[in-house]
Amino acid sequence: MIEIFKIIIVALILIGAFLSLVAAFGVLRLPDVYTRNHAASKAATLGVLAVLLGTFLYFYMEEGQVNSRVILGIVFIFVTSPVAGHLISRAAYNSGVKLWDKSVQDDLKLKEIAPSKKRQ
Amino acid sequence: MKPNDVILHSVTKVAVFIILTFSIYLFFGGHHNPGGGFIGGLSVASGLVLLYLTFDIETVRRNIPVDFKKVAAFGVLIAIFTGASSLLFDKPFLNQAYGYFNLPIFGKTELATAVIFDVGVALAVIGTAVTIILSISEDG
């Protein structure tokens with residue numbers, strides 16, 4: 001295996017592990033559901049993508065096999081994980097979970113005042 | 001308030017294709033790689049359940065007009081008949097045969113009767129899983 005690819009693969013996997021760790025710290029430390037979800041869905045997605053990309057490159061350089069399942073997994077996680085975050089956040093908002101006290105903006109609040117008009 | 005599910009709907013349309021493709025891969029890879037009828041059938045069932053979650057049950061039932069109880073029964077029938085078909089050739093029950101054939105596109109391919117048994121297993125698993133989930137989810 002070429003040395004430069006070894007370095008790239010190690011860097012990708014370490015970056016992925018580090019981003020997942022950052023996501024875990026974000027889930028522990030941030031104050032409310034929305035900020036936690038923000039940390040978990042974005043940082044964990046990128047972390048998992050980096051680990052998967054490193055795995056794909058490792059098996060491609062080491063054994064010469066193109067593992068299409070890993071590519072499919074990368075695409076699948078990249079498509080679905082932000083949507084999962086969006087749905088969790090929206091379910092939390094619709095069931096009335098409060099924002100953090102220091103939040104300054106809530107764009108959906110004005111629309112929630114007259115819900116009967118939106119019922120068609 | 002009627003929810004606006006545009007994001008969920010458009011992503012489901014992409015994701016279900018990926019899930020179904022991957023489950024077909026798992027099904028056919030089962031002879032030499034991890035996979036097979038059970039896990040292939042379960043992932044097809046999970047794709048269908050994702051459809052049922054995103055769109056409502058009536059819409060999916062209109063577009064996939066299949067009675068999943070019959071699918072499960074049909075799968076068990078296929079499995080039993082492939083097992084019994086070996087009796088016609090003076091072999092014991094559930095004996096299997098395979099051979100190498102030259103197919104037009106794939107070249108030299110190993111075809112085994114175990115695949116037909118696996119189709120039965122997969123259909124039984126799809127039918128059972130979807131039936132369980134649908135009968136839990138319906139009201140009344």
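Me: What makes the pair B:Asp5 and A:Arg90 count as a salt bridge between chain A and chain B?

Reply: In this predicted model, the closest N and O atoms of B:Asp5 and A:Arg90 are 2.8 Å apart. The cut-off is 4 Å between a side-chain nitrogen of Lys or Arg and a carboxyl oxygen of Asp or Glu, so the pair qualifies. The count between chain A and chain B is one salt bridge. Two residue pairs are in polar contact between these chains, both at pLDDT 80 or more.

Me: Why is the pair A:Lys6 and A:Glu3 called a salt bridge?

Reply: The closest N and O atoms of A:Lys6 and A:Glu3 are 3.4 Å apart. Because the limit is 4 Å and the pair joins a Lys to a Glu, the name applies. Both residues belong to helix α1 of chain A (residues 3-29), where they are three residues apart, about one turn of the helix. Over all chains, the same rule gives three salt bridges.

Me: What is the volume of the largest pocket, and which residues are the closest to its centre?

Reply: The volume is about 360 Å³. Of the 14 lining residues, B:Phe27, B:Phe28, B:His31, B:Glu110 and B:Val115 are the closest to the centre.

Me: Which elements give two or more residues to the lining of the largest pocket?

Reply: They are α1 (6-28), β2 (107-112) and α5 (114-137) of chain B. The most comes from α5(B), with four residues.

Me: What classes of residue make up the lining of the largest pocket?

Reply: The lining has seven nonpolar, five polar and two charged residues.

Technical notes
Residues numbered from 1 in each chain as written. Chains lettered and ligands numbered in written order. Predicted model: local features only at pLDDT ≥ 70, side-chain atom pairs only at ≥ 80, totals over all residues. Heavy atoms only, no water. Polar contact = N/O pair within 3.5 Å; in protein donor to acceptor, adjacent residues only side chain to side chain. 1 Å grid on protein atoms, 1.4 Å probe; cavity = no way out; pocket = protein on both sides within 12 Å on 5 of 7 lines; lining within 4 Å. Points joined across faces, edges and corners; volume = space filled by probe spheres on them. Nonpolar A, V, L, I, M, F, W, Y, C, P; charged D, E, K, R; others polar.
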